Amino acid sequence: MTAEPLVTLTDATKTYSGRKVLREVSLALLPGETVVLTGANGSGKSTLLRALGGLTALTSGSRRVRQPGERRFAVGYAPDHLPKLKLTAREYLGHMAAIGGMEAAGRQERIERLLARMRLPGGIDRLRMHDYSKGMLQKINLLQAMLHGPDLLLLDEPLGGLDREAKQECERVLAELKSQGTTIVLASHEPVWRDDIADRRLAIAEGRIVRDERGGRPASDERPRWRLVQCELPEGAGPTAFAEWDGVLRTRPEEGGRMSYWVRSDRSDALLTALLAAGAAILSVQAGEGETDG
Amino acid sequence: MILPLIRYMLVSYSRSYRYLPPLLAFVVAIGFVYSNVPNPIMESYAFSSTLLFIVSAWLTFGFMDAEPIAQQRVTVLHARSLTAYYVAKLLLLSGFGSALGLFATLYPALLRKFDRSPSLLELGAALLAHGVLVLLGIGCAAFFTEKSVPGRPFALAGLAIVVILSVAGKGLANALPDAVAPAAWLLPPAFRVMDALIRSETVGGWGIALSLAVAALYAILLMALFVRLMSRKQF
């Protein structure tokens, strides 16, 4: 028997200033599933996350939520960048917990437990968030999203800006939440480094879901090998061209109409052939492994 | 949920120092006006309440977008209510503006800056006039946020036009041909409160009360419309 979806979007369309950012997206999130949503910058990932969280008034289409029993449906949301506020982490988390209705007695304990779990460096109370490093800020971002034990956790580029150790810590926390049955949607412009936590992978391009695969890949500690292909695209080809090509891990538009593609090594020949066939000029090909940052 | 929201907004806003320019402008202007004594009571209150209308619009303009949009989304999800979020913002601004109104009412009365001691009725009317014009200033400026008007310069220009029309509405109403004169009732009625206070001896207590009631109703309708629009618009 299939479980009733926790959140269902039906023909969800969102238009900003006449531009369709989401195009008739229909999607049902099952309770407890972990979804990795990939797509190039500007493909509609963040808008889809906000639509799932009920933060965006849809231009057309609908969002339906299955209420979890007596209590209200709780959504945790971590934006891609938490602003640098003039509050310490404890002050910030304390305010967010109080706003969410957490009792004063349990609030402190909950915050301390979460802070300990993320292994933040000592002395965080001496600094306000506007003095934090990107990694520390991202950890606070994840903590605020987890504060109320959400039914649905929406994370926009949660590993961005984190060093390898911090990424591993975040992945460990996500795996724990997954084991507790939290529904997680994780948007990323590249596949998460250790992607065995995903039950389902969605790819979005130009506001449409272009791939929806279920089933996790086997866990692997092997660092992915990739090739960085730099090319000049033919006239008229947009920055999303080939972004969803099989094996493409990440894309980045460069100056002068050039593009960089990070592609899995085993798919690089196919991408090169396709690029050449489309009239692109290949400028360079470099090999690498592990993360594609930089 | 509203109180924790107000506490959070108050702490964040107080550390942004965005309130300083309008606050200083108001305090300095009041100090300057009352540096010469004696002053006529209700005319002075008409000036300070109109000034407070402009200052509360200025405070609102700076406050509404003080919280970055990404954090607004996070705060709203914690609060689980856009309506509560905006009501908290309006309440905080109203409280801050009312404190300035209390200062503008009591400062000249307690430090004997008037030509005589104001009666309790005059003090009450002045306090209400300051409070109502605070609400009206907030109601007018709330619509000129980043979410409603794309581009800060356009928003600022729009707000400046509305504030000028609200203060100088009497002249505009007089200049309008008879056929379209009722259109002046659409203007935010700050000028009606100012006029009633200046002509307090002619219009009497009921005249002042009526102008205050009209302005209060106008302000409350503006705020209710703002909260409704923002709740529907979301992000």
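Student: How many residues of chain A are in contact with chain B, and how many of chain B with chain A?
Tutor: This is a predicted model. In it, 31 residues of chain A touch 24 residues of chain B.

Student: What area is buried between chain A and chain B?
Tutor: About 2,400 Å², and carbon and sulfur atoms give 60% of that.

Student: Which residues in chain A lose the most area to chain B?
Tutor: L55(A), R72(A) and I99(A). Together they make up 27% of what the chain A side buries.

Student: OK, at what angle do α3 and α4 of chain A cross?
Tutor: Helix α3 (residues 104-118) and helix α4 (residues 134-146) of chain A cross at roughly 140°, and their axes come within 10 Å. An angle has to be over 145 degrees to count as roughly antiparallel, so α3(A) and α4(A) are oblique to each other.

Student: Is that crossing left-handed or right-handed?
Tutor: The crossing of α3(A) and α4(A) is right-handed.

Student: Which residues meet there, from α3(A) and from α4(A)?
Tutor: From α3(A), R110(A), L114(A), L115(A), R117(A) and M118(A). They meet K139(A), I140(A), L142(A), L143(A) and M146(A) of α4(A). By class, this contact of α3(A) with α4(A) has 7 nonpolar residues, 3 charged and no polar ones.

Student: Now chain B. At what angle do α6 and α9 pack?
Tutor: Helix α6 (residues 120-141) and helix α9 (residues 190-198) of chain B pack at about 165°, with the axes 10 Å apart. That angle makes α6(B) roughly antiparallel to α9(B). Their crossing is left-handed.

Student: And which residues of α6(B) and α9(B) meet?
Tutor: A129(B), L133(B) and L136(B) of α6(B) meet A190(B), V193(B) and L197(B) of α9(B). The contact of α6(B) with α9(B) has 6 nonpolar residues, with no polar and no charged ones.

Student: What about α1 and α5 of chain B, at what angle do they cross?
Tutor: Helix α1 (residues 2-16) and helix α5 (residues 82-110) of chain B cross at roughly 60°, with axes that come within 9 Å. So α1(B) and α5(B) are oblique to each other. The crossing of α1(B) and α5(B) is right-handed. Residues in the contact include L5(B) and M9(B) of α1(B), and A88(B) and L92(B) of α5(B). The contact of α1(B) with α5(B) divides into 13 nonpolar residues, no polar and 1 charged.

Student: Where does UniProt place transmembrane regions in chain B?
Tutor: The unreviewed UniProt entry gives residues 20-37, 44-64, 84-111, 123-144, 150-168 and 206-227 of chain B. Residues 206-227 of chain B are 100% helix in the model, with end C-alpha atoms 31 Å apart. Residues 150-168 of chain B are 84% helix and 0% strand, and their end C-alpha atoms are 27 Å apart.

Terms used:
Residues numbered from 1 in each chain as written. Chains lettered and ligands numbered in written order. Predicted model: local features only at pLDDT ≥ 70, side-chain atom pairs only at ≥ 80, totals over all residues. Heavy atoms only, no water. Axes fitted to C-alpha atoms, helices over the stretch in contact; angles between N-to-C directions. Helix = DSSP H or I, 4+ residues; strand = E, 2+ residues; numbered from the N terminus. Parallel < 35°, antiparallel > 145°, perpendicular 65-115°, else oblique. Left-handed = near helix turned anticlockwise from the far one by under 90°. Contact = heavy atoms within 4.5 Å. Nonpolar A, V, L, I, M, F, W, Y, C, P; charged D, E, K, R; others polar. UniProt positions renumbered as here; feature names shortened; annotations may be inferred. Buried area = accessible area lost by both parts, 1.4 Å probe.
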